[in-house]
Amino acid sequence: MNIPTDRFYSQSHEWLLLVGGIGVVGVTDYAQRELSDIVFVELPAIGTHVRRGEAVATIESVKAASDIYAPATGEVREVNTALTQNPGLINTDPYGQGWLFRIDVEDPGETERLESPEAYAKLTASATGSGA
Amino acid sequence: MGRFAGWALPIVYTSVADEVLSVRRKAGLFDISHMGELLLQGPDVQERLDELLPSNIAALPTGRGQYSMLLNECGGIMDDLFAYRIEPSRFLLVVNAATTQADARWFAEKLARAETAIADESERWGGLALQGPEARGILRQLLPELPEAFERRAIVAASWKGSGFWVARTGYTGEDGAELFFPVSLGVGLWDALLRAGASSGLRPCGLAARDILRLEACLPLNGHELSEERTPLEARMAWVVDWDKSASFPGKEALAEKRRRGPDLSLVAFAAERPAPPPRAGYPLLAGETVVGKVTSGGFSPTLEAAIGMGYVNAALATEGTRLTYRVRGTRYSVILKPSPLYRSKNR
């Protein structure tokens, strides 16, 4: 399981990467594997104010539709429009080209409420047993 | 793995999209052991089946199979099946997993006074489907004794490691290929041997999620979705299953003839979304303007056509190619166009 050490993680399997005051949001490798083939993504409108823990996007896989929760509070500045034509980018590159949206994070202190890479690794290892 | 009708089923091995495309381009191997196998045997089996199925069984030669259905007295579809005449007085019926026991009981009741005996072999037999443009070449590597003229819907006896089994040139993917029905003791050995034989041809194991998308692209109906007791072959646009001219009467014949005179109210259609859209899932209403005019029976993303596709029943008056309908997901409307069926037709068959 790939868990980059440069970012924060939520218990609902989103990641948050802070670049200056902007937070890039995506879903984890664990999440994309659990969801399997992602076939559609519904992203928030630019300018939307989202609160931490709020359902702000939807990912539809072959199996089902899943809510994506904002890992931090702030205004949506940009969404990954490449996902409209190619939602499978989330499966192939969840931490890179498969990013979902960028938010202007209001309070960087909110990251204390998120998981460290080490804690997230433990969380997913116990969820899968072998980590497979 | 997933659970269905008491079976543990392989849903996906790697990726549904990759598995679908490997069947379209090369080959895929499916475990279809959940399918039911009923053996009917007796001196009057042809006559009895002609009275029980809407198809012309008398015209089915030995060594051939035919798609057919079990209908109730109203013409409603209880199950769909493949009937193979494996010997002059012996038939193999391949039926759906969820309906196997009900089908076996239904036949046993109907055949109570017949000279035909029915045996449900489903627990003792396994099944594999080898599908794709490379499928027949791979099969021939394993079974070089297969006859040259192994035509579509033909079924032949084969043998592997001293045990006999059946191979039919059929499938449920819209590609060329074969289905194998065998004593369960052969299952693991045949699976491994086929994967080895097909390794250099691009054969890969495929799950039942891929099989569901493949059959949807090919507009092959699924029992419990497109087919149910509330629908007849007429709404399903499969009236070709019914032989109207054969002398034998069969369950639903009169009801179907009457419905045929009036014309069905609903019709099964295939559709594709015009732009990226969420999967149109079974049960979603289909709308013309603000009016509900139908319902999705199956839907999903087609990796072959790179679009959200589906099938569903709509008011017969609207069931023409080019009609635009919509479905709603989380408050947003998505537009679909009714398309000719099948949505995908293989060039390799």
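Visitor: How many Å separate the centres of domain 1 and domain 2 of chain B?
Guide: Bearing in mind that this is a predicted model, the centres of domain 1 of chain B and domain 2 of chain B, taken over C-alpha atoms, are separated by 29 Å. The domain assignment places domain 1 of chain B at 2-215 and domain 2 of chain B at 265-349.

Visitor: And how many residues of domain 1 of chain B are in contact with domain 2 of chain B?
Guide: Nine residues of domain 1 of chain B are in contact with nine residues of domain 2 of chain B. On the domain 1 side, helix H1 (residues 16-25) of chain B gives the most, with four residues, and the residues of that side divide into five nonpolar, one polar and three charged.

Visitor: Switching to the chains, how many residues of chain B are in contact with chain A?
Guide: There, 12 residues of chain B are in contact with 11 residues of chain A. The elements giving two or more residues to the chain B side are H1 and strand S16 (291-302) of chain B, and the residues of that side divide into nine nonpolar, two polar and one charged.

Visitor: Now the sheet in chain B: in what order do the six strands come?
Guide: The order is S10-S11-S12-S9-S3-S13 (chain B), in an open sheet with mixed pairing. Strand S10 (155-160) and strand S13 (203-205) of chain B each have a single partner strand and stand at the edges, so one side of each has no neighbour in the sheet. On average, neighbouring strands of this sheet are turned by 25 degrees against each other, direction ignored.

Visitor: How many bridges join S10(B) to S11(B)?
Guide: Six bridges join S10(B) to strand S11 (residues 163-168) of chain B, and the two run antiparallel; the bridge partner of Trp160(B) in S11(B) is Ser163(B).

Visitor: Which strands does H1(B) touch when it packs on the sheet?
Guide: H1(B) touches strand S3 (27-31), strand S9 (125-131) and S13 of chain B, and its direction makes about 120 degrees with that of S3(B). Helix H5 (residues 187-198) of chain B, for its part, lies across S3, S9, S10, strand S12 (177-183) and S13 of chain B, running at about 10 degrees to S9(B).

Visitor: Last topic, chain A: what stands opposite Glu75(A) in S9(A)?
Guide: That is Asp104(A), while His49(A) stands opposite Glu75(A) in S8(A). Five bridges join S8(A) to strand S9 (residues 101-105) of chain A in the antiparallel sense.

Terms used
Residues numbered from 1 in each chain as written. Chains lettered and ligands numbered in written order. Predicted model: local features only at pLDDT ≥ 70, side-chain atom pairs only at ≥ 80, totals over all residues. Pairing = 2+ DSSP bridges. Domains from an automatic or database assignment. Contact = placed C-beta atoms within 7 Å. Nonpolar A, V, L, I, M, F, W, Y, C, P; charged D, E, K, R; others polar. Axes fitted to C-alpha atoms, helices over the stretch in contact; angles between N-to-C directions.
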